[in-house]
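Q: I have a new model open and would like to learn how to read its features one by one. Could you walk me through them?

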Amino acid sequence: MSDNAQHHAPFTPPSGPPRQGPGSDTAVHRLLPLAGPLPERPRVLGLGRGPGRGALLLASAAGAEVTAADPHEPFLAELRETAAARGLEGSIRTVRADLGALPFPDGSFDVVRAESPGVLGFDRALAEWRRLLAPGGTLVLTERVRAAPGPGPAARALRSGPHPLRTVAENAAAAIGAGWHVLGCLTGPESDREAHHGPLTARADTADITDPGMAEAVAGARDEFAPHREHGTSYGYADFVLRPVDPRWPVRPERDGEAGEVREITAAAFGSTDEADLVDALRRDPDAWLPGLSHVAEAPDGQVVAHALITRCRVGDAPAAALAPVSVTPGHQRTGAGQAVVRAVLDAARLRGERLVLVLGHPEYYPRFGFVRASEYGIRPGFEVPDEAMMALVLDDSMPVPSGTITYPAAFGV
């Protein structure tokens, strides 16, 4: 279990007020641990429509000091009233603000939780909200997504407008291209959408639009309902957990001619040539080697100091991917180089369309990347290892996760 899990009370979804942002309470609880170890009292910025159900959840379940920002004062007033009723007034402050011009200093928050980027759109939100995060901070963002790529009247309708809807994979690719790591994403079920649209529909129909800002809020809500009515099965919601790339450790795919350098790093990291021999053997196996999934991290002087490799394996009859080995030269261990190269190669696997990554490794290290016990999915190796050491990371939850016995390439010797 990640260290972060120690800082969160058992999850109990709060009752009322109705949620106006599309983010799921359960999704927040599942995704927040991916933010990694947090301060004892993390500073959280809650952004998005509604009376702050997410802010209440974070203040109570995560022990956070929450700042809730929204352009609509009636929502903030309702949040203050509810927070006081629950004894959370000391944990939540409200700020009326334009989400595109937030009045907070750079580096003010450990977590920014946005239930929707609203009129900013996904790309602009990533660009403008990055500055708000403290070093190592995380953005947890809910975005409406298309259920699948491809042509057709529903897809064309959903792609129109100033912020065209994209698939989960397309948004993940946009985030990676903009200099973020994707720590995790979770596609929300239909129940999340219904829980969002039901209360928001009622609120839009009964809102007093003479209140400052409410006319804009109602118009935005009704614009969101339209595709739901016409193309309800063509889109949904997804939660993205994102972290800015660490500029201290430039990471890139291994280049031609660097196999020898990677071998030296691997041998130095493990104190023997066994793992280096494994990497070389995997290179020679065309059924195992996955182009573009051997990554290295560079020190400030350009020296390659870390390496991470993902190769093909199988779970039952389904293709999967194996993360191994991960190597950091002794002089650069515990500096962040290893985490940087692992996150980068996982991003590359996501972009390549891999759905499932497995790792046999230290149970105190890999959960920070989102790995959980593989046995939770009915996945087991064909040899004896501690259950907590065999872990799995689902990169795409839009399809069922395969179960069964893991088959590794012959180079692993198992």
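Q: Let me start with a single side chain in this predicted model. How accessible is Asp246?
A: Burial is read from relative accessible area, where under 20% is buried and over 50% is exposed. Asp246 comes out at 23%, so Asp246 counts as partly exposed.

Q: Which residue forms a salt bridge with Asp246?
A: That is Arg248, and the closest N and O atoms of the pair are 2.7 Å apart. Arg248 is partly exposed too, with a relative accessible area of 49%.

Q: What should I look at in the salt bridge between Glu298 and Arg252?
A: Look at the distance, the surroundings and the place of each partner in the sequence. The N to O distance is 2.7 Å, and both Glu298 and Arg252 are buried. Glu298 belongs to strand E9 (residues 289-298) and Arg252 to strand E8 (residues 251-253), so this pair ties together parts that are 46 residues apart in sequence.

Q: Are Arg352 and Glu354, which also meet in a salt bridge, buried or partly exposed?
A: The two partners have to be read separately here. Arg352 is partly exposed at 39% relative accessibility, while Glu354 is buried at 8%. Their N to O distance is 2.8 Å.

Q: How many salt bridges are there in the whole structure?
A: A search finds 20. Some charged residues join up in a network, and one such network of salt bridges links Glu254, Arg263, Asp277, Asp280 and Arg283.

Q: Now for sheets. What is the order of the strands in the open sheet of 7 strands?
A: The order is E3-E2-E1-E4-E5-E7-E6, and the pairing is mixed. Strand E3 (92-96) and strand E6 (180-187) stand at the edges with a single partner strand each, so one side of each has no neighbour in the sheet. Neighbouring strands are turned against each other by 20° on average, direction ignored.

Q: How many bridges join E6 to strand E7?
A: There are 7, and E6 and E7 (residues 235-244) run antiparallel. For a landmark, find His181, which stands opposite Arg243 in E7.

Q: Which helices lie across strands of this sheet?
A: Two to look at are H2 and H6. Helix H2 (residues 53-61) lies across strand E1 (43-47), strand E2 (65-70), E3 and strand E4 (109-114), and runs at about 175° to E2. Helix H6 (residues 168-177) lies across strand E5 (133-146), E6 and E7, at about 160° to E6.

Q: How do I read the buried residues of a helix such as H4?
A: An α-helix has 3.6 residues a turn, so residues three or four places apart point the same way. In helix H4 (residues 122-129), the buried residues are Phe122, Ala125, Leu126 and Trp129. Seen down the axis of H4, they fall within an arc of 100°, so they line one face of the helix. These buried residues pack against E1, E4, E5, H6, E6 and E7.

Q: And which way do the residues of strand E15 point?
A: In a regular strand the side chains alternate between the two faces of the sheet. In strand E15 (residues 390-394), 5 of the 5 residues are buried. Met390, Ala392 and Val394 point one way, and Met391 and Leu393 the other way.

Q: Which strands pair with E15?
A: Strand E12 (residues 356-360) is joined to E15 by 5 bridges and runs antiparallel to E15. Strand E13 (residues 372-373) also pairs with E15 in the antiparallel sense, over 2 bridges, with Val372 opposite Ala392.

Definitions and conventions:
Residues are numbered from 1 along each chain as its sequence is written. This is a predicted model: local features need pLDDT of at least 70, side-chain atom pairs count only at pLDDT 80 or more; totals for chains, interfaces and linings use all residues. Side-chain values use heavy atoms; hydrogens and water are left out. Two strands pair if DSSP finds at least two bridges between them. Helices (H or I, at least four residues) and strands (E, at least two) are DSSP runs, numbered from the N terminus. Axes are lines fitted to C-alpha atoms, for helices over the stretch in contact, and angles run from 0 to 180 degrees between N-to-C directions. Contact means heavy atoms within 4.5 Å. A salt bridge is a side-chain nitrogen of Lys or Arg within 4 Å of a carboxyl oxygen of Asp or Glu. Buried means under 20% relative accessible area, exposed over 50%, partly exposed in between (1.4 Å probe, protein chains only). The arc is that of the directions from the helix axis to the C-beta atoms.
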